Amino acid sequence: MKINPLCSRSRALATLMAGLLAGAAASDARALELLTQNVSFNTAGQSIWSEGDAFDFSYAQFFGATSPRKTSVYDPRAVSGKVEIKVLPDFDWYVNPYFSLTTDLTAGIEVGANIHGGSIDANLDYTIAISAPGPIVRGEYFQLEAVASTRGSSAFATRPANASAWVDGILDVYAQSFIRFETARDLGDHDYRLTTTLANVDVRKEIVSFNRDDSGRLRIIGAGDVGGVGSVYTLPAAALNGSTRVTAGDWRVSANGALGTDTLTGAGQTTLLTADIDVDQFLLSGSDVLGTRLRRDFGVIDIDFGYEIVDLDAALTVGLQQSFEVSGDVLMQLSFSEAVRLENIGEMTQWIGRIDELPAIAVLGDDVTVDARFLVDATLSNRTGITFGASLDLTLLELFARASYDVSYFGSDRRGQFLNARYGPVYQWSSASNALEIPVFDNEFALGGFQSVDGGSFVLSAVPEPRTAGLLCAGLLVLGLAVRRQRI
């Protein structure tokens with residue numbers, strides 16, 4: 001059978017074009033990077049206890065007398081006259097006096113208070129990358145790959161709950177006088193002026209305050225600093241024989257958070273109070289049966305002697321501990337320049353949702369411009385508890401003796417120690433535990449206040465469906481062969 005050369009060339013050309021199309025499709029099959037962007041979401045002043053802004057309260061009220069600045073004027077009329085003296089020439093005179101007093105007064109007390117409920121400042125930083133498979137075929141669903149990776153610069157810091165109050169005494173007195181005396185005519189043109197400050201007192205004194213300037217102390221006028229954070233109190237001897245001392249701790253606890261795996265975590269703790277108890281003294285009501293100390297000064301000789309058969313000391317601590325955890329999910333809003341078809345949703349020009357929940361997209365036109373915007377959905381968990389710790393120290397049979405001298409002669413002093421002996425202890429034992437924690441608050445809630453971040457824009461360019469492209473090429477090929485055959 002004779003094969004038409006034209007048909008043979010046509011088949012070869014069709015095979016070549018199909019190979020070129022397949023190669024072009026294969027070369028475009030790699031993923032298309034559409035957008036890579038670093039974004040940072042920030043919030044400040046959010047409550048560490050519940051959703052919303054932290055509680056802040058400020059109060060200041062003055063009680064007393066206030067007289068606004070005013071000026072009182074004494075301005076008698078100018079007087080003039082003529083003096084006739086037989087032995088002297090007559091002369092005319094003119095006098096114009098003027099006096100003013102400027103005063104203001106404030107006297108009383110000011111009562112103030114500040115309360116802060118506890119807050120958190122946080123920044124969540126991400127690197128966002130969006131890519132698409134290639135090529136994008138018009139009318140066919142494809143999946144945009146959108147990934148948000150948390151960056152190590154993400155962090156948070158908490159501010160503890162705090163309160164302060166004060167009462168101040170205020171005295172503000174001001175008085176100024178102005179005198180003017182003007183003469184004219186035969187007395188001469190003179191203008192005498194004098195300004196004098198009679199009183200200028202501006203005093204504010206603290207009457208009583210608690211935790212003013214975040215000091216953690218209580219101050220009272222006349223008594224000064226009467227206690228607060230770090231103060232040591234010996235409980236009444238009538239009740240506990242002076243065997244127990246309590247040290248006030250700090251109620252303010254804050255935490256700084258850093259990135260763990262995908263979550264920000266941070267914790268803080270503080271000691272509310274510490275109690276030191278001399279157990280043997282407490283049990284024996286101050287008796288020296290288990291130990292005593294004798295110290296005598298004989299002038300030249302000073303002797304210090306003591307023994308302790310059993311010494312049992314206990315320390316109790318009460319603390320406050322908080323641990324926080326911040327996590328976030330990035331939300332993405334996509335705005336399309338023309339409608340696209342979203343799988344299981346339909347044709348839309350906008351979509352918003354979690355970045356990892358973007359549905360498959362079908363582009364209906366040739367080029368679609370997409371504008372991206374990012375938000376964050378964050379949560380905060382707060383676990384607050386009271387901690388209790390205890391330690392116990394036991395010492396058996398301990399003796400000590402010290403003797404020193406102090407001699408003065410011929411204008412010189414001689415001091416020294418000629419005995420310093422210690423025996424024991426025969427046995428010592430100690431134990432400590434910080435295992436007990438009582439939770440008082442445990443909650444997880446939305447952490448708000450974050451701003452949205454504008455992303456970049458990218459274009460989704462679609463190519464015709466492969467079957468349509470093949471038919472178009474085949475049609476062009478057949479048309480070309482027909483034209484050539486007619487020419488032959």
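**Close-up views of aromatic contacts**

**View 1. Tyr192 and its partner Phe181 at a tilted ring pair.** Tyr192 is partly exposed, with a relative accessible area of 45% (buried means under 20%, exposed over 50% and partly exposed in between, using a 1.4 Å probe and protein chains only), and Phe181, at 37%, likewise counts as partly exposed. The two rings form an aromatic pair that is tilted, with 6.5 Å from centre to centre and 40° between the planes (rings of Phe, Tyr and Trp, the last by its six-membered ring, pair if their centres lie within 6.5 Å; planes under 30 degrees apart count as stacked, over 60 as edge-to-face and the rest as tilted). Phe181 belongs to strand S10 (residues 162-185) and Tyr192 to strand S11 (residues 190-210), so the pair ties together parts eleven residues apart in sequence (strands are DSSP runs of E, at least two residues, numbered from the N terminus).

The model is predicted, with local features needing pLDDT of at least 70 and side-chain atom pairs counting only at pLDDT 80 or more, while totals for chains, interfaces and linings use all residues. Residues are numbered from 1 along each chain as its sequence is written, and side-chain values use heavy atoms, leaving out hydrogens and water.

**View 2. Phe156 and Phe324, one of eight aromatic pairs found in a search of the whole structure.** The ring centres of Phe156 and Phe324 are 6.4 Å apart and their planes stand at 75°, so the pair is edge-to-face. The pair links distant parts of the chain, with Phe156 in strand S9 (residues 155-159) and Phe324 in strand S19 (residues 301-342), 168 residues apart. Phe156 counts as buried at 3% relative accessibility, and Phe324 counts as buried at 2%.

**View 3. Arg252 over the face of Trp251.** Arg252 lies at 4.8 Å from the ring centre of Trp251 (a charge sits over a ring if NZ of Lys or CZ of Arg is within 6 Å of the ring centre and within 35 degrees of the ring normal).

Conventions. Helices (H or I, at least four residues) and strands (E, at least two) are DSSP runs, numbered from the N terminus.
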